[in-house]
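Subject: Structure handover and findings

Dear colleague,

My notes on it follow directly after.

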Amino acid sequence: MERSDLELVVAIRDRGSLAAAALALDVVPSVVTKRLGALEARLGQRLFERTTRRLSATAEGEAVCLHARALLDGFAALENELGERQTQLSGTIRLVATFGFGRLWLGPALASFNERHPGLHIQLTLAERLPELGAEGYDGAVWLWAPQARHAGDWVTRRIARNQRVLAASPAYLARRGVPADVAALASHDCLVARENSSGDEREFAVWTLRHLKDGTNARVRVRGPLSSNSGELVRDWCLAGRGVMLRSLWDIAPGLASGQLVRVLPQFAMPDADIQWVAPWRPKTPKRVRLLIDFLVERFRNEPWKAAGGRLP
């Protein structure tokens, strides 16, 4: 007898009907009927008496169920014991992340996780666009915003850390051009734009949506400037050199704020939807190595370590 046969007879005995057993085993009733008939034929014994109104185990069926339950309990105990003994994780975790956060923060975190679990092999790909995770064989992604609504049913997300994109400029630029008095004033400043997947007229300007941190109201402004790039690191370097105002994540510019090379502009405003997310294709069961990694990352970034580097909110 196979383990599935043991689970079948116990489900029928405990549930009291073939239909209820099918529901417990997550199969259609016809499958239960067919499997039970095949098992009884192999054993040469009738295990259950079936009428239109009731189902009951025969003496032979009771004996089989008794031994089946003991064997299944033994299987479960053995699996639990082996699971407890398996302290050394093994296997491969394939991840993808954005370039900046992946290099500055996720890379060191993965190295620390690997020190705890040296039997693991971790593959990290840095990318500008979120790939089709399941189709390309990724276990998950660490990304700076949640996926689009069209993916909501296919992917699962978990916030790893809070983050905001904030306005900043160098002291030299602010001394030369003045400090913007409000969001609308940004339209007359040189704004450094990090562009991704822009086309057409979008190359000439960008629309920044900013949220007031206290009252939650939003303000939109169309900005432009002489410099833009698809590289956020290059935009940050231009800003440090005094070339304009930028909108960047706190985790990226915290050291510059701490050193005084950068100054928060309109510190009561920030751009929403920049939280750092775990994004993964939906699967019935997440491997233990991936679950432990997610928990590790949540704990690692719970207190937003970039705040200690000067990115504390006002």
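Leaving aside residues up to four places away in sequence, L106 touches A97, F101, L124, V142 and L297, where contact means heavy atoms within 4.5 Å. L106 belongs to helix α5 (residues 99–116); helices (H or I, at least four residues) and strands (E, at least two) are DSSP runs, numbered from the N terminus. With a relative accessibility of 0%, L106 counts as buried; the classes are buried under 20% relative accessible area, exposed over 50% and partly exposed in between (1.4 Å probe, protein chains only).

The model is predicted, so local features need pLDDT of at least 70 and side-chain atom pairs count only at pLDDT 80 or more, while totals for chains, interfaces and linings use all residues. Residues are numbered from 1 along each chain as its sequence is written, and side-chain values use heavy atoms, with hydrogens and water left out.

Two strands pair if DSSP finds at least two bridges between them. Strand β3 (residues 91–98) pairs with β5 in the parallel sense, over 3 bridges, and L95 stands opposite G140. Strand β15 (residues 276–281) runs antiparallel to β5 and is likewise joined to it by 3 bridges; there, W278 is the bridge partner of V142.

A further group of 5 strands forms an open sheet of mixed pairing, in the order β11-β8-β12-β7-β13. The edges are β11 (228–229) and β13 (263–264), each of which has a single partner strand, so one side of each is left without a neighbour in the sheet. Strand β7 (residues 165–169) is paired with β13 in the antiparallel sense over 2 bridges, and A168 stands opposite R264. Two helices pack on this sheet. Helix α7 (residues 232–240) touches β7, β8 (191–194), β11 and β12 (245–249), and its direction makes about 165 degrees with that of β8. Helix α8 (residues 250–259) touches β7, β12 and β13, at about 120 degrees to the direction of β12. For these angles, axes are lines fitted to C-alpha atoms, for helices over the stretch in contact, and the values run from 0 to 180 degrees between N-to-C directions.

Most residues other than glycine have a negative phi. L266, in the loop between β13 and β14 (269–270), has a positive phi of about 45 degrees and counts as buried at 5% relative accessibility. E304, in the segment after α9 (288–300), has a positive phi of about 50 degrees and is buried, with a relative accessible area of 13%.

Lastly, the second largest pocket has a volume of about 280 Å³. A pocket is an open set of points on a 1 Å grid over the protein atoms alone where a 1.4 Å probe fits, with protein on both sides within 12 Å along at least five of seven lines; lining residues have an atom within 4 Å of a point. Of its 16 lining residues, R162, N163, Q164, P272 and D275 are the closest to the centre.

Yours sincerely

Notes. Grid points are joined across faces, edges and corners, and a volume is the space filled by probe spheres set on the points.
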